[in-house]
Amino acid sequence: WQSRSPATGRFEVFCARNNSGAWTLPEDVSDNSQNHAVHPSLAIAVQGICHLVWQEDRGGIFCIRHADRYPNGWSDNLDLTQSDADCRLPHACANRQGYPQVVWAEGQVVTHRIRPPERNATWWQVESACDPCGAVSALTAAISAKGVMHVVWVAYAEGEVRRLQHTHREP
């Protein structure tokens, strides 16, 4: 979840875990006192690894950050974006093999990134999930039992009717 840090007044992304029926203390995953961190999305891979993504302010333009939760703590968080475009609305999923996948709006393009499930594995290159399609809102994704990633969002341009858009990525 996101919450305003009493120390800095900025939004941070926190996570707590349930261990044997008892909740742990909240951990500040974004851990960045300089910038707002908002809109977290969480996915648990089949191996039990928690993948957390969020959007983080970098001077009025947002980037997408990721961190893994292993038994000994959180990994360093990593910037998944590879451009200077405004990136928002991240959504995390994991397929049946444990590959974490993230989609987000990068300007007017829906983008996708995936990586192998191994600890500290390298993320594959950013893929465009659609051509520019107007402003993007209400972005979400899910992976079917057959491994197909489905992405749905609302697209609109000024003066237009909002359109529900869908795309998919085969495994």
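User: Which residue stands opposite Cys15 in β5?

Analyst: Glu27 does. This is a predicted model: local features need pLDDT of at least 70, side-chain atom pairs count only at pLDDT 80 or more, and totals for chains, interfaces and linings use all residues. Numbering starts from 1 along each chain as its sequence is written, and side-chain values use heavy atoms, leaving out hydrogens and water.

User: How do you know that β2 and strand β5 are joined?

Analyst: Two strands pair if DSSP finds at least two bridges between them. There are two bridges between β2 and β5 (residues 27-28), which run antiparallel, so the pair meets the definition. A strand here is a DSSP run of E with at least two residues, numbered from the N terminus.

User: What joins strand β1 to β2?

Analyst: Three bridges join β1 (residues 2-4) to β2, and the two run antiparallel. Gln2 has Val13 of β2 as its bridge partner. Six residues lie between the strands of this hairpin, where Gly9 takes a positive phi near 80 degrees.

User: Why is strand β2 called largely enclosed?

Analyst: Because four of the five residues of β2 (residues 11-15) are buried. Buried means under 20% relative accessible area, with a 1.4 Å probe and protein chains only.

User: Why is Val136 called buried?

Analyst: Its relative accessibility is 13%, so Val136 counts as buried. Val136 lies in strand β15 (residues 135-143).

User: What is Val136 in contact with, leaving aside neighbours within four places in sequence?

Analyst: Contact means heavy atoms within 4.5 Å. On that basis Val136 is in contact with Leu89, Ala105, Gln108, Val110, Trp153 and Val154.

Conventions. Buried means under 20% relative accessible area, exposed over 50%, partly exposed in between (1.4 Å probe, protein chains only).
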